[in-house]
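Hello,

Here is the structure I promised to pass on to you. Have a look at it first, and then read on for what turned up.

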Amino acid sequence: MDHPPLPADILVLPGTDIEGAWERFYPFEALHHLHEICNPMRRTELSAVLDALGPTNRAHAIDIACGHGDLLLDMAHRVSIVGVGVDLSPWVLLRASARASRTDLTGTIEWWLGEGMEVPRQPQWDLATCLGGSWIFHGFEGTARALSARLRPGGRLAIGDLRLRKAADRESLQEAGAPEAATLTVGEQAAILTRLGLEVISEIVSPDEAWEGYHHAVIASADAYAQDHPDADYRHLAAAWMEDFQRDRLHLTWSVWIARKL
Ligand SMILES: C[S@@+](CC[C@H](N)C(=O)[O-])C[C@H]1O[C@@H](n2cnc3c(N)ncnc32)[C@H](O)[C@@H]1O
């Protein structure tokens with residue numbers, strides 16, 4: 001397929017099928033090219049996540065499924081981190097790397113193209129994060145394990161994922177055969193972190209407007225992309241995601257957990 005060249009500053013992890021990745025993530029590009037943060041979060045929530053992570057000068061930080069790089073870019077504006085953003089989409093890294101080069105950062109960031117699961121366990125990082133990519137590690141618990149395994153003792157992680165609302169009734173959802181019933185509760189997520197030897201620092205819950213805003217931006221992205229690229233009309237996908245959201249919002253919410261490895 002036609003695509004821009006991969007900038008030389010993007011490091012490709014061994015075994016990455018670069019051409020396959022351009023093709024596979026093209027629909028995601030069409031649905032997110034107007035976003036900065038590609039998650040149900042606004043600057044307010046992202047900033048609260050950064051406060052809780054508390055990056056310090058020279059901290060080594062890795063963000064798996066980094067998208068357009070907002071978390072690391074904001075971190076590198078605050079302090080002189082040594083950051084790495086990993087993503088399997090060349091499209092998002094193209095944007096992340098262009099954004100990094102357009103701004104004066106206090107810290108440095110490398111961009112790695114590759115499979116999140118293949119990020120080595122060594123060296124151990126001070127901060128390890130994954131916001132909205134928990135399927136990569138087969139769910140919340142797998143993500144907590146994967147990030148914790150890559151952290152030094154005392155290091156901090158952040159995981160962004162969906163969970164059941166406190167008021168949701170799992171039994172009735174199960175009886176109704178609703179897929180949301182399989183989503184973890186706040187207590188289950190907290191218990192996983194504790195069981196893995198992580199001390200919870202905070203949970204930052206996004207308001208519904210943030211989630212809704214994300215989906216409106218998906219619709220706007222799909223509309224704009226279809227106008228400029230008639231062969232890439234993903235408006236049906238954007239509309240289906242909005243429908244799913246309208247159903248999910250009744251029982252689910254989005255939050256980011258920040259925890260410290262003991
Ligand atoms: C929902 S977006 C979140 C992006 C970013 N964390 C943010 O908050 O803006 C999910 C990201 O996961 C990336 N991704 C999907 N599968 C992946 C994989 N197997 N390994 C690494 N990244 C992956 C996508 O390209 C996308 O950028």
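How do the residues of the shell around the ligand divide into nonpolar, polar and charged? There are eleven nonpolar, seven polar and three charged ones. Please keep in mind that this is a predicted model. In total, 21 residues surround the ligand, and the closest are Ala65, Gly67, Ser89, Gly116 and Gly132.

Next, the helix α5, which covers residues 90-101. Its twelve residues reach 16 Å from the first C-alpha to the last, close to the 16 Å expected at 1.5 Å a residue. Buried in α5 are Pro90, Trp91, Val92, Leu93, Leu94, Ala96, Ser97 and Ala100. These buried residues pack against the helices α1, α2 and α4 and against the strands β1, β3 and β4.

Helix α9 (residues 208-228) packs with helix α10 (residues 235-248) at an angle of about 170°, and their axes are 8 Å apart. The angle is why α9 counts as roughly antiparallel to α10. On the α9 side, the contact is made by Trp211, His215, Val218, Ile219, Ala222, Asp223 and Ala226; α10 brings in Arg235, Leu237, Ala238, Trp241, Met242 and Phe245. By type, the residues of this contact are ten nonpolar, one polar and two charged.

Finally, a residue of helix α1: Glu23. Glu23 counts as exposed because it has 12 C-beta neighbours inside 10 Å. From Glu23 to Gly155 it is 132 residues in sequence and 36 Å in space, C-alpha to C-alpha.

Enjoy exploring it!

Best wishes

Methods. Residues numbered from 1 in each chain as written. Predicted model: local features only at pLDDT ≥ 70, side-chain atom pairs only at ≥ 80, totals over all residues. Near = placed C-beta within 6 Å. Nonpolar A, V, L, I, M, F, W, Y, C, P; charged D, E, K, R; others polar. Helix = DSSP H or I, 4+ residues; strand = E, 2+ residues; numbered from the N terminus. Expected span 1.5 Å × (residues − 1). Buried ≥ 20, exposed ≤ 12 C-beta atoms within 10 Å, placed from the backbone. Contact = placed C-beta atoms within 7 Å. Axes fitted to C-alpha atoms, helices over the stretch in contact; angles between N-to-C directions. Parallel < 35°, antiparallel > 145°, perpendicular 65-115°, else oblique.
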